[in-house]
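Let me put the model up, and then we can walk through a few spots together.

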Amino acid sequence: MKRGTKKRIKEKNEDRFSCLPDYVLLHILSFFDIKEAIQTCILSTRWKNLWKILPTLTLISSQFATFEAFTKFISKILSLRDASASLDVLDFQCEGRMDPRELKRILTYAISHSVKRLRIDVNFDIQQFLPSLFSCHTLTSLHLSIYESPRPITLFPNSLNLPAVTTLALNGFLFCVGDDGRVDPFSKFDKLDTLMIYGACEVRDNKLNLCISSTTLVNLTIRTNYSAAGGIRFQLYTPNLCTFVYHGHIPFQKLCGINSNLSSIKHVLLDMTIGVGMWSNPKDNPLLLLHLLDELANVESLTISHRTLKVLSLVPYLLEIEFTSLYNLKSLKVDGKFITEGMLYFLLQNAPSAKVILY
Amino acid sequence: MAEEKSQASSSKMLTLKASDGVLFEVELNIAKEMKTVQAYIDDCEDIETIPIPNVLGKHLAIVIEYIKKTNEEYDAEFEKQWNMDDLQLLLLAANYLNISGLQECLCKAIAKRIENKSPEYVRKVFNIENDHSPEEEAKLRKEYKWAFEGVDKD
């Protein structure tokens, strides 16, 4: 109906996209579902091959009816995509058992196309694929999440050489001893500034601490399950750490490593629990929260969850306890429903002019 | 209280002149968020009025407001107020003025509004002329059949 044989006078409603360069159209496409991005090839000749140079790929198995459909789809994309176009971002999420060779194929493709940000979310052991990441010098952000029940079995390699990685997020890994007899898997990342350890991570020999040694680390998020049993004992050697987010069970020992301290940390979020009643461990003691706050003495902004307030509320005779920490506090954010005057007084006693934000 | 230096530089005002002649007085640090304007200033330091030939006053006002107010909350609500026409023109403006945050916000918004829509709908909305021959289009639809399953018919 639109296509007549007469030459059309340029209407004031011309193709708006004709003024925009390809990279802007690609930017819009990058927000599309991959199937829809491919469908744009139909729009006009300009769009015909645009999807083939899309630098982001998000492949989610749950969007497909069967694994066969999923793997077929991936095959087609990899073969049709412009071979010279780099792939900046690959986000691969697969629920259920898939042929690990498919993952290998996609990983190899991504690495050979200079992938910068890689996210893999699967529920099978990816041990065999990790070596292929060793020689990836383009990777800046790596997010590996493995859901294995009941316990993690994929070992995190101690010798991953990823010189450009600045962000690392891990879920479901077993950390194990290195050559020096310590569990210290992150020390060789020369540019690491952001680290997230969450979900079901464990140390293989759970008598050992997990050392986090990094002079470049600025942001650390720990989000482990709330039970102490089998929980990781962290030891931080992070002289430049600035932001610390910690969800989990109150640590039974000092967080900072030997001859180290947490004085560089400025911004903290604490979401801590403690075993109570039949879930408690002989070591459970609400005073441990105060010891943790003592370690975080220099903090400028502190956010405390209602769970943490519950722990605080278990400390007997709180206001009679000597507390010299939090003297640099500039802002305190707490759950308005659970905070009491006594707790507020306690926390702010060394920084009375700190701003209080209730959420 | 605030550093005197930043006070001094942020109080310097600049005038931006939209394509329809509307004038906007903005602080230097706001104007600098538009990399195109920044480049202009770098080239001629004494400039006081900068012409923005591709952007209507209506849209330049929106862009300036965005720069002043942008944060996570604002960005999430920002795109809801504009119709598709305005979104497209704002994207052209953000691209010309080289404001990456706004461009990202708008690309995301436009993508959201056309997701799950048929190619016919998308063509209509953006006035894209279909210059594929019927044979070519049929060939593409066949070749990419595997990507066309499950599309909204508007």
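Let's start with B:Asp46, which sits in the loop between helix 3 (35–43) and strand 3 (49–51) of chain B. Helices (H or I, at least four residues) and strands (E, at least two) are DSSP runs, numbered from the N terminus. B:Asp46 is exposed, at a relative accessible area of 73%; exposed means over 50%, buried under 20%, and partly exposed in between, with a 1.4 Å probe and protein chains only.

A quick word on the ground rules: this is a predicted model, where local features need pLDDT of at least 70, side-chain atom pairs count only at pLDDT 80 or more, and totals for chains, interfaces and linings use all residues. Residues are numbered from 1 along each chain as its sequence is written, chains are lettered from A and ligands numbered from 1 in the order in which they are written, and side-chain values use heavy atoms, leaving out hydrogens and water.

Now over to chain A, and A:Thr66. You'll find A:Thr66 in the loop between strand 1 (56–60) and helix 3 (67–80). From A:Thr66 to A:Leu80 is 14 residues in sequence and 21 Å in space, C-alpha to C-alpha.

Stepping back, chain A has eight helices and 17 strands. Its C-alpha trace spans about 90 × 55 × 40 Å along the principal axes, and 50% of its 359 residues count as buried.

That's my tour, thank you!
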